[in-house]
Amino acid sequence: MKRIGIVGYGSRIRRMAEELERFGRDIAVVAAVDPAEQDLRERYPERMAGVIFYPDATAMLDEAGLDGVMIGTRCNIHTELAIQVLERDLPLYLEKPVSIEEEQLLRLHAASQRREPKVVVGFPLRLSTLAREAKAILDSGTIGTIENVQAINNVPFYGSNYYHGWMRDDSLTGGLWLQKATHDLDYLTHLVGQLPERIVAVESKTVFTGDMPAGLSCVDCPHYTTCPESQYNLFTLQGIMDTLENEEDWWGGQWRCSFAVDTGNHDAATAILQYPSGAHLTYTQNFYARRTAAKRGASFIGYKGTLEFDWYRGEIVVHHHLSGRVERHDYSGREIAHTGRPGGGSSGGGAHFGGDMELARDFLNLLFGEGESRATLEDGLISAQLCLMAKRSCETNAFQTYAPLSMRQRELANAGVRR
């Protein structure tokens with residue numbers, strides 16, 4: 001039996017643990033680190049029956065005799081915990097983003113150079129059915145070389161958590177470039193198949209802003225029954241809250257006002273990535289779309305054709321420019337079209353559009369020595385680096401030039417900056 005330890009036993013890692021169990025392999029979660037031990041034992045008595053809780057990750061790693069580790073903590077401590085696991089040469093499932101600031105990024109990169117990492121990073125989009133099929137079509141040369149990419153992420157529901165819940169605190173998440181765009185810049189990099197030469201980005205906050213007092217909870221607000229973003233109205237008027245499997249997991253039971261002075265996070269942002277060939281990519285995310293305005297996907301345009309897909313609709317469309325033929329690849333029967341759940345897809349194998357199952361498969365392969373990761377630590381480092389570049393571009397109003405992390409470390413060393 002393979003013994004797994006979990007650091008940060010929240011809803012995301014519980015979902016991934018369930019995905020692991022679906023394969024029927026001889027595994028068990030035997031150890032955990034989480035300050036909510038009592039609550040977890042009360043709510044999930046059967047699942048927690050064989051789990052020993054440790055005071056910290058070091059104790060768990062030293063004492064539990066583990067074969068693999070899963071990390072699902074708040075984002076600001078992903079790097080430190082990942083380094084501890086890398087030093088013990090254990091298979092690791094690491095939630096994204098792998099780092100939320102450059103100092104962390106460089107430390108994690110340095111740790112990854114000391115041995116061959118056995119890591120699966122939580123990037124389900126690149127392993128989703130649509131992305132894998134799109135990759136095969138693009139690589140076949142059907143549309144010619146990729147000259148332009150137009151990518152969009154109109155977020156229909158998560159936006160509420162980014163302004164009501166703990167994710168509004170960018171000291172914990174790094175902000176919405178690292179919390180949300182990290183997924184998209186990862187899958188886009190994977191599909192384009194090359195790294196950009198430079199990045200420029202802008203962000204705005206024009207909707208989730210206001211002058212309500214800091215720290216105000218929805219239930220204490222005089223506008224509770226009329227505010228469209230309150231717990232009350234997201235359920236009764238928008239019909240959104242009923243898609244949650246467990247409200248406590250996602251909101252902590254206490255929503256904060258999304259129109260208060262301490263809300264945090266941009267509510268829309270756009271990045272332009274230019275490649276050495278001259279081709280370029282635009283990516284936009286916004287967090288106030290609702291219902292059928294939901295859209296997540298991209299158009300890849302070449303001289304010979306255009307390939308476009310949208311996870312929310314579960315299809316790929318290929319337009320052949322020279323013949324006028326249009327191909328439609330419908331995957332709605334694969335239960336991968338989005339249903340509005342926070343998990344990113346339908347039940348029956350569709351979580352994150354089928355990507356969660358593939359992440360679980362790869363982690364099991366690492367545990368049993370039967371295969372490799374398709375969402376590697378290097379992929380996680382590159383995505384975090386691109387997100388930090390976009391964030392820095394917003395702060396400086398300037399293009400950011402891409403350079404490998406090894407080169408960045410040498411630059412800092414030459415400048416006398418110790419890392």
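Helix 5 (residues 78-87) is largely enclosed by the rest of the structure, because eight of its 10 residues are buried (under 20% relative accessible area with a 1.4 Å probe, protein chains only). The buried positions are His78, Thr79, Leu81, Ala82, Ile83, Gln84, Val85 and Leu86, and the helix is followed by Asp89, whose phi is positive, near 55°. The model is predicted, with local features requiring pLDDT of at least 70 and side-chain atom pairs counted only at pLDDT 80 or more. Residues are numbered from 1 along each chain as its sequence is written, and side-chain values use heavy atoms, with hydrogens and water left out.

Helix 14 (residues 355-367) is also mostly covered, with 11 of its 13 residues buried, among them Phe363, Leu364, Asn365, Leu366 and Leu367. From its first C-alpha to its last, helix 14 reaches 19 Å, close to the 18 Å expected at 1.5 Å a residue (1.5 Å times one less than the number of residues). Gly369, which follows helix 14, has a positive phi, near 65°.

The axes of helix 6 (residues 102-113) and helix 15 (residues 377-396), as lines fitted to C-alpha atoms over the stretch in contact, come within 11 Å and cross at roughly 160°. The two helices are therefore roughly antiparallel to each other (angles over 145 degrees). In their contact (heavy atoms within 4.5 Å), Glu102, Leu105, Leu108, His109 and Ser112 of helix 6 meet Leu377, Leu381, Ala384, Gln385 and Leu388 of helix 15. The residues of this contact divide into six nonpolar, three polar and one charged.

Terms used: Helix = DSSP H or I, 4+ residues; strand = E, 2+ residues; numbered from the N terminus. Buried < 20%, exposed > 50% of the residue type's maximum accessible area, 1.4 Å probe, protein only. Axes fitted to C-alpha atoms, helices over the stretch in contact; angles between N-to-C directions. Parallel < 35°, antiparallel > 145°, perpendicular 65-115°, else oblique. Nonpolar A, V, L, I, M, F, W, Y, C, P; charged D, E, K, R; others polar.
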